[in-house]
Amino acid sequence: MSGLKKLLPRVNKICILLYFGGIVGFLLLSHEGIRENCYFSENALLPGLVDSKFSASDDQIHNINLDILDPNSEVTDELEKFMLRGGLEVYRQKFTFQEKFVGNARIQNGTNIYGIVRAPRSASTECIVINIPILNNKHNFAMGIVLALAKEMRKQFYWAKDVIFLFSEHGSFGARAWLNAYHGIVSYPVSANQLPARAGSIQSAFTVHMEEDAVSFINLLVEGYNGQLPNLDLFNVAVRLIKIHGMAVSVNYEFVPRQSSAMDDIKSHLGATLKMMKKQVTGTSSGNHGEFIRHGIEAITLQTVYNPQWGNAGFVRLGRVIEGISRSLNNLLERFHQSFFFYILPSTDNYISIGMYMPPLGLMLAAAAIKALSLILEANYVNSEETDKNEETKKDSETKESVEDIDDILKDMDSDYANKENDNKNSEAPPLQQILITMVTSHMMGFLVFYAPVFTETWSQMFNCPQDISITLLLVTVHIAGMFIITSYRLTLEGGKSLYVVSLLHQGILFGVVAIINFSLGMFLAVCYVLPTILLQPGYMKFNLLRKFVAFLVSPLSIAALICLYTCNGNPATVMSEFVNFHVTVYEQSQTQQSWLFDFIALLLYPLWLQFWAITSSEGEILT
Amino acid sequence: MKLKLLVVWAIFIQSVVVHCKEMDAYHESVTMDVINNNKLYSFFNFTTIWDFSDKFAPHHYNLFPRTLGELILKYQVAELHFTMTQGLWRNHQWGLPHASAPTGAQLWVWFDGNTVDVDKNWIGFTNALSGLFCASLNFINKAVTVTPTMSFFPTGAFEGGYPNNKFLRYGTLSRENLCTENLTPWMKLLPCGSRAGPASLLNPSQLHHSRFLSIGIHFMTQCQSPDCLKTFVELQQHISVVFDIGSGTHQDFTLRSLFLHLIKPACPLASTSVIKFKVPSDASISPPIKKIEEFYLVQNLFELTSDTNYKVKLNKQHLETIHIPEGITSHCFPTGLGLEGGLRCSLVNNLPKNVTVVFFQVVPWFLYTQLHTLKLETESGHRIQPDIVNFAPAKIRESPHKLELVFMLLAQEVTVLNIQFTRGFQTWTEHPPDANHGYYISPACLTIPTVELGNLSRDHSSKVQRIFSEALLITIPVPDFSMPYNVICLVCTVIAVAFGSLHNLTTRRLQKVSPKHKSPLKKKIDWLLEKICKKALDQEKNPSDTR
């Protein structure tokens, strides 16, 4: 016990040490010794063990693309004609969706078209989906490749799963409309017609995105919605097959670095890791595959990149890659269940598993937990010291044997009692009540933020401003109003301390849970919040202004502003529009893509931060 | 003695031959339908008829396969229907089949009216049949078996008047594949094997290069006259195979190009033996066939003198126009994500009239199906009230859910049937190999009176047509099977640690140690104990001190 007592004064140092230990641990994750090499966990995939049967030439594919590009007819009609000629079953699906919620909010129409190659010897119980997004302003040149492939597949006898070629319109909306109809579910803001035909349970899928008619290398997109990721085996299959067919492959435009010094190696891998995490923090998907992952289907996006300096690898190679991935998936006997679902990618050949990346975060969260524990212990020691003192006085009185002395003691006790009553009068309420009132108020404010965008239109009419500015104004107003409302209820020192302990624990649990779902977001929040909140301990009056400043610096509003400052690349003129844009984007992504970021900030993060804000304005004592 | 035996033997054989001439018949036929100019549907049918003056209780088998006859006798089977199918019959493109069959294995049996323990006979029979056909029919256990009430009436004469469905058992295995090992025993049941007649085309390796392959065995008792005073037994063996002729090079097909065999002249034991073709009017067949019966070109195989290769030349221009036959189709699929799910069937009636159908669906016990979620409405939103609802909820690990409905499919409408279920858990020993593959819901079955379908049906002899939808692959929560390994590791560690210390304790001899050898720590503890005891004693001596 005495050891612990000695540690108590140094707890801040320990916490800060833990915090920085966590950060250093995280930075070291991409070190050669810690990151692991990718390997195949599912043996059934057998990637690249079969000869490619794809026999179309570059010219043929080019001609198919030209046919589809025919300006006199709709792309969907051409696709339908071509697939029917190839002997596929072809179906259409119409859908409507709402893309924008702020400003120009209107319902749009779209059409999906899909062809099914029925596997000869299966009963349509399983299938693979190859998704080719129809880009509304550009041409997706992968169409020619997959149409040539579909025609050949039809004649091949080794397909054990049906293959669906899905040409979806309007980005992820089309894919979602199709998948919702496939599974008989409905999700706002997309509404879709019924599908006339299906091909059983979708085992896996991939999207091919080819905006130019040449390809230098393939960039793989893995991030799904709200931190979801495809099974690592699927990623490995794609990487392996692209390499087998002699193309370069990258993830987030990062290649495997050449042999270099240890420092350069760690730097480049760390860069790739951070790039991936940056995408994940936003909670949106980087491609159509996100919709598949959301529906429980492992999926990935192949995005081709053309760089004239690198040369052109040609359609045929990409065709063989697509064929190879399909054949690997065709080999699967079970759904993807082995390998990793939680990982970060420092390069295409390495991964960092959940077992490695959680401990650094754990260290950081432990810092907050230890701080909270230390406060509880401190309070206990103070209590026990007080009782010790009381006991000592009692013992002293025991030694006095005269009755008068006892009377004196009784008087003393009376006065003590009176003093205590006075104390109670000073503090309006016991700490528990104060905690409850503050927490409930802060969460009510969270609800207000969450529902504030409902009034966007009213505000824009009232203040005669565009809707995007009105929604930003609304959110900022509610945010600031919350700060004033929460401080209007003044906490006592005791209440502040108790709330501080509760909030620290609350923060630790919240970030821990978020990190399990979306590690990148959890890590980002831990880096932003743990250190400032450790320093916010109530009772240090002389730093109060500084503490308020620190607390305000980590408010959701300030973080948004800081991110905008960072993204506008030092062009102060655009900061304001960036700031407005930021709010609109976060809100719209929550509406159209069901990303949790806005909901999370409004309902959980903002109330938590309000609690810390309340603590900074609690009564304090000057340390002597 | 020997001579006597020989005489008896000779007399016996003679009598049998006479008997057979009167009573036995064997008909073999193959029907070849060109569908949509890109598929060839070949239907082989082999019917053995055995006329009995009395009950079916033979001591000697002639044309009838003995292996099957013995099982039928032993397990008191009155009617047997067994099919094994690879692939899916695509109703919306191919129309109705000659003999419908769901994906995988399907078995339904009517037992004799005086069977004592139907369940025991059923289990025994499935096991025996699985041995006969080298198929895993023994997996049709009580958790798979149901007793339908309306969908599977006996097709022949059933003893004892109106059938009581307590003698009926039905089971399907959708995961069961049809392989050569099932095909061989099936062909061995034929009187001529695959040596003559239509059966000579059956080349296993080619049959598996098809789009659809189904074998079936149907045993039943038939009436000789309308009053049904006299009956005979009938064994139908059929095989359906659909080849792709639209893709690639062999647009014009010959028997050799599809089966790699030529057709041989008829089986000498057969009463009739024919090959029939139904081809588009502008197609040509060589050698030419002149006889026409009900849209079919018919060739008697007894008239063939040698192995023949028929060549069919099609008009290629039809290829792109896919003719979608009108009629009734059903398409089922699982709905929902996560733990909650459902089953939805869209039943299309393209006919110009309303048709009353029986819908039959079996759902495994671990998908907890709720009847109150049953919704039946047309796509235009019109609610349909089923005439009869027959739902038997599952018993966990005992029996599956059974749903049987009678309702009307409105003309030119799509009727959507919806029912919800919750995915349940299974213990880790209950999962089959490849647990992450998923589980199958057996295909839904629509039973429609043949009268309603008129010319659309290919099989006019049976009173009802059955339309099966897809077998549905469902995923349910699967445990991490590497966990037992982790548990074993953990348990081993615990045992090692516990065992080590226990062993240490139990095998050591405990001895008294003189105080000289006391360690400093022990001394300290002893001193502490002593002190505490002293204090306690002191307090007991003068309790007045404490207040």
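Mentor: A disulfide is a pair of cysteine sulfur atoms within 2.5 Å, and we shall apply that cut-off to this structure, which is a predicted model.

Trainee: What makes B:Cys192 and B:Cys267 a disulfide?

Mentor: The sulfur atoms of B:Cys192 and B:Cys267 are 1.8 Å apart, and since the cut-off is 2.5 Å, the pair counts as a disulfide. B:Cys192 sits in the loop between α5 and α6 of chain B, while B:Cys267 sits in the loop between α7 and β9 of chain B, so the bond ties together parts that are 75 residues apart in sequence.

Trainee: Why is the disulfide of B:Cys192 and B:Cys267 called right-handed?

Mentor: The torsion about its S-S bond is about 60°, and therefore the disulfide of B:Cys192 and B:Cys267 is right-handed.

Trainee: Why is B:Cys192 called buried?

Mentor: Buried means under 20% relative accessible area, and B:Cys192 has 9%, so B:Cys192 is buried.

Trainee: How do you know that B:Cys332 and B:Cys345 form a disulfide?

Mentor: Their sulfur atoms are 1.9 Å apart, which again has to be set against the limit of 2.5 Å, and B:Cys332 and B:Cys345 do form a disulfide. B:Cys332 lies in strand β14 of chain B and B:Cys345 in strand β15 of chain B, so this pair ties together parts that are 13 residues apart in sequence.

Trainee: What is the nearest cysteine sulfur to B:Cys445, and how far away is it?

Mentor: The nearest is that of B:Cys332, 11 Å away; a disulfide needs sulfur atoms within 2.5 Å, and B:Cys445 is in no disulfide.

How values were computed
Residues numbered from 1 in each chain as written. Chains lettered and ligands numbered in written order. Predicted model: local features only at pLDDT ≥ 70, side-chain atom pairs only at ≥ 80, totals over all residues. Heavy atoms only, no water. Helix = DSSP H or I, 4+ residues; strand = E, 2+ residues; numbered from the N terminus. Buried < 20%, exposed > 50% of the residue type's maximum accessible area, 1.4 Å probe, protein only.
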